[in-house]
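Dear colleague,

I am handing over the structure below, and my notes on it follow.

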Amino acid sequence: MDWMESTNMAVKTLTSNKLRTGLTMLGMIIGNASVIAMIGIGQGAQRLASEQFESLGPNVLFVTPGSQGARQRTTFLPRNLVWDDAKAIANEVPSVSGVAPQRQSQIAMTYGGKNRTTLVMGTTPSYLTVRDFDVAKGRFINDVDLERNTRVAILGADVATQFFEDKDPIGERIRIRNTSFEVVGVLQAKGSFLGSNQDDVVYVPLTTTATLLTGRTSPFGLDLTFISISAIDEANIPAAEFQITNLLRRRHKITNEDDFTVQSQKDILRIVGTITGGLTALLAAIAAVSLLVGGIGIMNIMLVSVSERTQEIGLRKAIGASEQDILTQFIIEAVMLSAAGGILGTGVGIAGILLVAAFSPLQAVVSPVAITLAVTVSGTIGLVFGVVPARQAARLDPIVALRSA
Amino acid sequence: MSTIVKLESITKVYGIGDIIVNALAGIELSVDAGEYCAIMGTSGSGKSTMMNIIGCLDRPTQGRYYLDGIEVDTLPDNDLARIRNQKLGFVFQQFHLLSQLTALENVMLPMIYAGVPPQERRDRAREALIRVGLEQRLENKPTQLSGGQQQRVAIARAIVNRPVLLLADEPTGALDSTTTDEILDIFGELNASGMTVVMVTHEAEVARRTRRVIWFKDGRVLEANMAPQDVGLVAAG
């Protein structure tokens, strides 16, 4: 008997008990759907995170206080980065084109009876070019503001609409921590970055932050949250990283372990890739368990089916089916159950990915590798878990089988 | 006339733990082509064991069995499956039709295992069903057929591979007397057209429709050539 005949027979048997076939396949459907959806969603998250960091531009470097080694020792307090560090980088590192020191803090503010707590960012004029923001209205921080600690504020697009709606905010005054600031500019909307809204920010001169809003906390100068730096071009990134590191080591009098970290966009992308990749693998592994459970479900139903169909097996043997014929028939049934479940589950999984993509910022990633893998694996599971019941069927004694009325 | 079944010193011993049962003790028997025999005997007489061995569903413990000239007692399982498929046709008391298949598909089943091409399969199955008078019921599932009709489908399935021997195990045991007559008519017609038929039965009326009765008792052939009209006498005695 050839494969076509065996397949026809399996189809007839499976379609003759649709409810059972459906329920048996459900395990495989759920297993496959979850594997495909989890890998898809994981890869979507990975892509989203990567794209956000890529949107920073390939030339961007960040310097943050503390380092991997220093953070592991809890007693060690890293020396703060200060404005002088940023100035030194700008003056002494030739591969750098712009340096934006940043000092940020969540602070409550009011305008005309409206309250909100927003990220207040103290920075310098170079922030615009380093982070690639554009002014929509008015102006950004200038050198005069820095020198004179002026009380001016530039609003992110969302803050502007929240406070002023359709009104022109330029020239209006808002109160930040009980100090009155004049609004001199509004930035163009930029969207969110890793879940934080970049348009819900108020910019003030770095010097003003230190004197009026947060105060100084470092004996070495005006301390910063971090420094954004742009290199001349992508080729100069390694040079910039090296030079900045050397400069800061000298300035901080480092003898063994760095108390700061310099990271390029590539470094960050690699870290993000490792984290989200691990996350994806974890999700897929959890989903794979349900695939295994689905396989066991198939074996269970096939075993029941063999004992229920004892007479059929006996009859088939009496009219000339060999052990091989019976074995093939039952294995094909199991493989078809799991492969069909695999294909349906793939459909459900893709639908799930598209649904998630439609209602969240995650992009739809339908991975062909994941699909091939899931269907192959489920087919194999059917084969493996189908062998035991099929052997049991093939070895039935036809005399006993025919008499079991 | 050629010999279809030839049994020489057949014994069958079942061992269940320490208890040994001699189901068959030295059977010598032959059935020629074109015969119509009934195997009779009380329950436990060995007639079912005999049927299984003749049907190549079981092997004798000792002895020789020639089916259509082939020594089958030594053949491996796969060859026995092929012999059952090619040389034997089975009819059972409980019909044993596959409920998910139509009458036509049930009759086609042995030919699938024989490797007959699909179109020929269909034609031969239809032919066989017409022969048993079921041309109106080709596409019906077993549940839509009466007991007698189901048994006709089973007979069509048994003859469709043109066996040298048709084996029937209590073929009318589940049927009423009118239907029994109809089924026995079919067996009679088949035999008249040259088919060798061996039938196990415990009903005297059924045995009387055959042309030779073989009587089993305690694993031995008590009477190998009883005339069918004498059956009632022995059963009474």
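This is a predicted model, in which local features need pLDDT of at least 70 and side-chain atom pairs count only at pLDDT 80 or more, while totals for chains, interfaces and linings use all residues. Residues are numbered from 1 along each chain as its sequence is written, chains are lettered from A and ligands numbered from 1 in the order in which they are written, and side-chain values use heavy atoms, leaving out hydrogens and water.

In chain B, 68% of the contacts with a separation of 6 or more are between residues 24 or more positions apart, a contact meaning heavy atoms within 4.5 Å. Chain B holds eight helices and 10 strands, which are DSSP runs (H or I, at least four residues, for helices; E, at least two, for strands) numbered from the N terminus. The radius of gyration of chain B is 18 Å, close to the 18 Å that the globule rule gives for 237 residues, so chain B is as compact as a globular protein of that length; this radius is taken over C-alpha atoms, and the rule is 2.2 Å times the number of residues to the power 0.38.

Chain A has 14 helices and 14 strands, and its radius of gyration is 33 Å, whereas a compact globule of 405 residues would have one near 22 Å. Its C-alpha trace spans about 105 × 55 × 40 Å along the principal axes. Chain A is divided into domain 1 (3-52 + 271-403) and domain 2 (98-227), with bounds from an automatic or database domain assignment, and the centres of these two domains of chain A, taken over C-alpha atoms, are separated by 57 Å.
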